[in-house]
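Open the model in your viewer and keep the selection tool ready. This tour goes from one selection to the next.

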Amino acid sequence: MPISIPVIDMIEIGAGGGSIASVDALDQIRIGPHSAGSEPGPAAYSLGGQDATVTDANLQLGRLHPDTFGATDIDLSPRLASEALRRSVGDRLGLDPDMAAVGVAEVVDENMANAARAHAVENGKDMGGYTMIAFGGGAPLHAARLMDKLGLDELIVPAGAGVGSAIGFLVAPFSYEAVRSFYTTTLEFDVAGSNAVLDSLTDEAMSFVRQGTSAPVTIERQVSMRYAGQGWEIPVTLDAESAFDDFAAELLSSKFTKAYEGFFGRAIDDLAIETVSWSVRVSSIVPSPERITLSTARSSMIDARSARDSYDSVAGVRVDTAVLDRDDLVPGAAIAGPAIIAEEQTTTVIGSHHVCTMQADGALLVTRTVHSVSGTGSTSIGCLTPDGRIEGGE
């Protein structure tokens with residue numbers, strides 16, 4: 001039975017660190033959808049995993065290192081990762097572990113890039129001018145490569161990116177959304193029934209929020225509406241607390257028509273309009289964070305205290321790569337790639353044609369020094385639109 005509930009528009013693909021790499025009947029490398037999970041996890045975890053995963057490929061390519069992996073209870077084994085890559089991919093395709101890892105990394109990056117392209121095309125978006133935002137444990141490992149593939153010029157890796165979802169949960173408003181189905185039409189609008197549903201939903205949401213906070217709140221009310229005969233509804237925002245009266249049908253018709261034109265460019269005349277579901281969201285008021293302006297001003301270029309051999313996707317060879325600790329960077333500090341910036345929850349990989357600049361709020365801004373697109377046509381990638389909104393898929 002189809003049901004309509006408010007959701008966030010997302011795309012999900014099998015591209016986490018535990019996603020298993022395999023070779024199909026056409027001798028093509030496939031990533032996912034099966035995952036090694038956290039137990040036994042990638043072969044490199046030394047917990048019994050036998051299948052090669054994205055994490056094993058990143059370790060083989062030098063992007064991860066046992067000393068900076070961050071998980072105190074897991075000792076990464078380069079030997080086990082190499083054996084798994086040879087067993088799962090290399091033997092089938094006649095590749096050594098290094099080239100098998102390159103194949104795995106490129107396929108998973110292309111999967112994510114294709115998902116972003118499809119999302120943009122389906123929503124009529126031009127990705128030019130967008131800024132990529134990478135959060136989650138795995139995204140900073142791959143985001144710079146995705147930036148190249150998608151032709152983007154800027155990438156932001158926020159502070160605490162590896163635990164970004166947890167941080168978001170902690171700073172988000174305390175809120176509750178109550179949703180209920182209630183059918184009526186603008187031709188025979190049920191004023192009393194609609195008011196009763198909204199009052200009940202408001203009481204339900206307010207009661208829940210007041211259990212957790214006494215802070216001032218905002219109330220948002222919506223109704224999902226459609227033309228009679230349509231199978232898809234659009235959300236229509238209602239006034240915060242006003243009750244419906246005898247003019248409610250005319251008011252809702254006007255709001256729906258305006259919203260419909262905003263979505264589809266034109267309205268449809270002489271069709272009845274139906275309400276399908278109603279929702280009330282009560283949220284505590286949280287002060288807006290200070291707005292930060294991205295800056296490429298560089299107070300100093302940072303020289304790494306250590307380096308290691310890692311694979312650079314643009315050069316197509318292993319190169320001597322600077323290794324830095326993110327905690328050592330100060331606002332204005334700049335790093336020219338190739339470089340690896342390690343922290344407890346994640347690792348940011350910067351290509352040979354990228355420059356990374358630490359921002360005032362601790363975020364990393366990665367920019368490209370060239371503008372050609374390279375490559376073929378629980379990781380999260382978002383995009384910051386030119387007007388400051390965040391869009392994205394997972």
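Select Glu-83 and Arg-79: they form a salt bridge, with the closest N and O atoms 3.1 Å apart. The model is predicted. Now show helix α2, residues 78-93. Glu-83 and Arg-79 are four residues apart in this helix, so about one helical turn separates them. Glu-83 is partly exposed, at 27% relative accessibility. Arg-79 is exposed, at 53%.

Next, pick Asp-91 and Arg-86. Their side chains meet in a salt bridge of 3.3 Å, N to O. Arg-86 is partly exposed, with a relative accessible area of 34%.

Move on to Glu-106 and Arg-145. Here the N to O distance of the salt bridge is 3.0 Å. Glu-106 sits in helix α3 and Arg-145 in helix α4 (residues 139-150), so this pair ties together parts 39 residues apart in sequence. Buried or partly exposed: which is Arg-145? Arg-145 is buried, with a relative accessible area of 10%. Glu-106, at 22%, counts as partly exposed.

Now go inside. The largest nonpolar core has 48 residues, and Val-104 and Leu-155 have the most contacts within it. Helix α3 (residues 97-122) gives the most to this core, nine residues. Center on Val-104. Beyond its neighbours within four places in sequence, its contacts include Ala-21, Ile-29, Thr-53 and Leu-85. For the last stop, select Leu-201, Ala-248, Leu-252 and Tyr-260. They are among the 27 residues of another core, which lies apart from the largest one.

Definitions and conventions: Residues numbered from 1 in each chain as written. Predicted model: local features only at pLDDT ≥ 70, side-chain atom pairs only at ≥ 80, totals over all residues. Heavy atoms only, no water. Core = buried A, V, L, I, M, F, W, Y, C linked by side-chain atoms within 4.5 Å. Buried < 20%, exposed > 50% of the residue type's maximum accessible area, 1.4 Å probe, protein only. Helix = DSSP H or I, 4+ residues; strand = E, 2+ residues; numbered from the N terminus. Contact = heavy atoms within 4.5 Å. Salt bridge = Lys/Arg side-chain N within 4 Å of Asp/Glu carboxyl O.
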